[in-house]
Amino acid sequence: MESSDDTEEPPLPLALSSFQVSEEFGFLLPDPLTELPAPYGPWMDLAHELPQLITSHQLRSRVHQMPQLSTQHLQGREELHLAHLVLSFITMGYVWQEGEEGTVQVLPRNLAVPYWEVSQALGLPPILSHADFVLANWRRKDPNGNLDTIITLPGGESLRGFILVTLLVEKAAVPGIKVGTALCWEQLVLHAAAHLTVLGLPSTSDLTHLFLLDYVDPEVFYSVIRIFLSGWKDNPAMPHGLIYEGVSPEPLAFSGGSAAQSTVLHAFDELLGICHRQDTAAFLHRMRDYMPRPHRAFVQELRGAVSLRQHVLSSGDARLRAAFNRCVGALTDFRSLHIAIVTKYIAIAAARARARRAQPSARAGPSAGKPPAALEGKGTGGSHIFSFLKSIRDTTREGMISA
Ligand code: HEM
């Protein structure tokens, strides 16, 4: 967080609604639409059939038969977000249908042009991002509040679990975001002292528990799901990027979907004044380009706020310091747990996949369950996974204020 003038008043409270942040759902899109208006039937039909079309290798030919639809009938934020979600999932399926060895160089015009227009309208890149995958991809399954995804890809229950667990973390963060932006700094840290979980990050055991319940099978995650989140930037499987036909004659490069694009952790980092090392900070800042425009502005606003850290330091108040450190500790714990999760779902799963790849019977393509090799050491967002995640965790811990 940038240091600022001590005499300035903190710009709190922030009006969440002016940044399209919901009091109830935080950065999640409240009550997303599940169907587009009738003229967009051809998109919805494909989107609802994606897992089958991909596993039967038919999606590309179905996309080629699709009419090029005008985006002019799309109205309002909800329709635009659903259109972006649908076109993102179709695009990921189209590009990765045949696995990392059968990628394409061109996204056809009938998909690329409307996708580009919807992306421009929302200020999102034309690739699947956290905003599509999680924030706009949920619906109530029944009156008891059980949740489901709207659009899916191969990966069955594991994919559903992966999306919904991430969604629960977004939801769990809402009280922390509200407290962090509604109170003046002094109240904020005192509140933190009273509530260990004020940051809204679920306790480490809760999150571990969710994963240990095996909502997400590591092998399915690694071998089937992950490739569909991969982008065409910093990815050896698509070193030249992707030509969006009718949009640009030159290939464009975009990072894949990653929770590094979630506004939650960026907001907490800014609130607590965590300073990451230059290379990791550069990656994280790039991920902000993949957030909905108003959420990006929200983080920017927090960045410009008077430093909470500075306030605690200059108060000399031991209670404030302890409360502040407790918040930093919760964030560090979350990041340590996340490293353990990534070890299970990527490092260990990759070792098992290598062993399987060595077997002569291994077939190609994600639908055949043959795991991709190009992204073994990289995240879907394109980071060098463990050095990146450990660096971020360590600099978070260094954000503690010593007595
Ligand atoms: C199967 C489970 C998961 C795996 C394998 C995983 C993997 C990764 C990887 C590889 C990165 C590095 C960035 C990149 O290149 O993409 C990352 C970053 C990140 N992930 Fe996850 N992730 C998982 C679940 C979650 C969940 C449930 C959350 C909760 C919101 C989450 C939040 C984050 C955040 C916030 C970052 C940015 C780094 C940070 O701020 O600490 N991840 N993840």
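Analyst: Gln20 is partly exposed, because 16 other C-beta atoms lie within 10 Å. On this scale 20 or more other C-beta atoms within 10 Å make a residue buried, 12 or fewer make it exposed, and counts in between make it partly exposed, with C-beta atoms placed from the backbone. The model is a predicted one, in which local features need pLDDT of at least 70 and side-chain atom pairs count only at pLDDT 80 or more, while totals for chains, interfaces and linings use all residues. Residues are numbered from 1 along each chain as its sequence is written.

The phi angle of Gln20 is near 50°, a positive value in a residue other than glycine. Most residues other than glycine have a negative phi. Gln20 belongs to the segment before helix H1 (41-48); helices are DSSP runs of H or I with at least four residues, strands are runs of E with at least two, and both are numbered from the N terminus. Asp31 lies in the segment before H1 as well, and its phi is also positive, about 45°, although it is not a glycine. Asp31 counts as partly exposed because it has 13 C-beta neighbours inside 10 Å.

Of the 403 residues in the protein chain, 43% are buried. Contacts are defined by C-beta atoms, placed from the backbone, within 7 Å; among those between residues at least 6 apart in sequence, 82% join residues at least 24 apart.

The largest nonpolar core contains 101 residues, and those with the most contacts inside it are Leu50, Ala83, Val86, Phe89 and Ile90. Such a core is a set of buried Ala, Val, Leu, Ile, Met, Phe, Trp, Tyr and Cys residues joined through C-beta atoms within 7 Å. Helix H16 gives the most to this core, with 14 residues. Beyond its neighbours within four places in sequence, Val86 contacts Trp43, Met44, Ala47 and Ile151.

Gly93, in helix H4 (residues 76-96), counts as buried because it has 25 C-beta neighbours inside 10 Å. Not counting residues up to four places away in sequence, Gly93 touches Leu50, Ile54, Leu59, Leu153 and Phe228. Its C-alpha atom is separated by 8.8 Å from that of Leu53, which is 40 residues away along the chain.

The ligand has 26 residues around it, of which Ser258, Ala259, Gly379, Gly381 and Ser383 come nearest; a residue is near a molecule if its C-beta atom, placed from the backbone, lies within 6 Å of it. At least two residues of this shell are supplied by each of H7, helix H16 (318-357) and helix H17 (385-397). H16 provides the largest share, six residues.

H16 also contains His338, where UniProt, in an unreviewed entry, places the feature "binding site". UniProt positions follow the numbering used here, feature names are shortened, and annotations may be inferred rather than shown by experiment. With 18 other C-beta atoms within 10 Å, His338 is partly exposed. Phe386 is found in H17 and is partly exposed too, because 15 C-beta neighbours lie inside 10 Å.

Terms used. Two residues are in contact if their C-beta atoms, placed from the backbone, lie within 7 Å.
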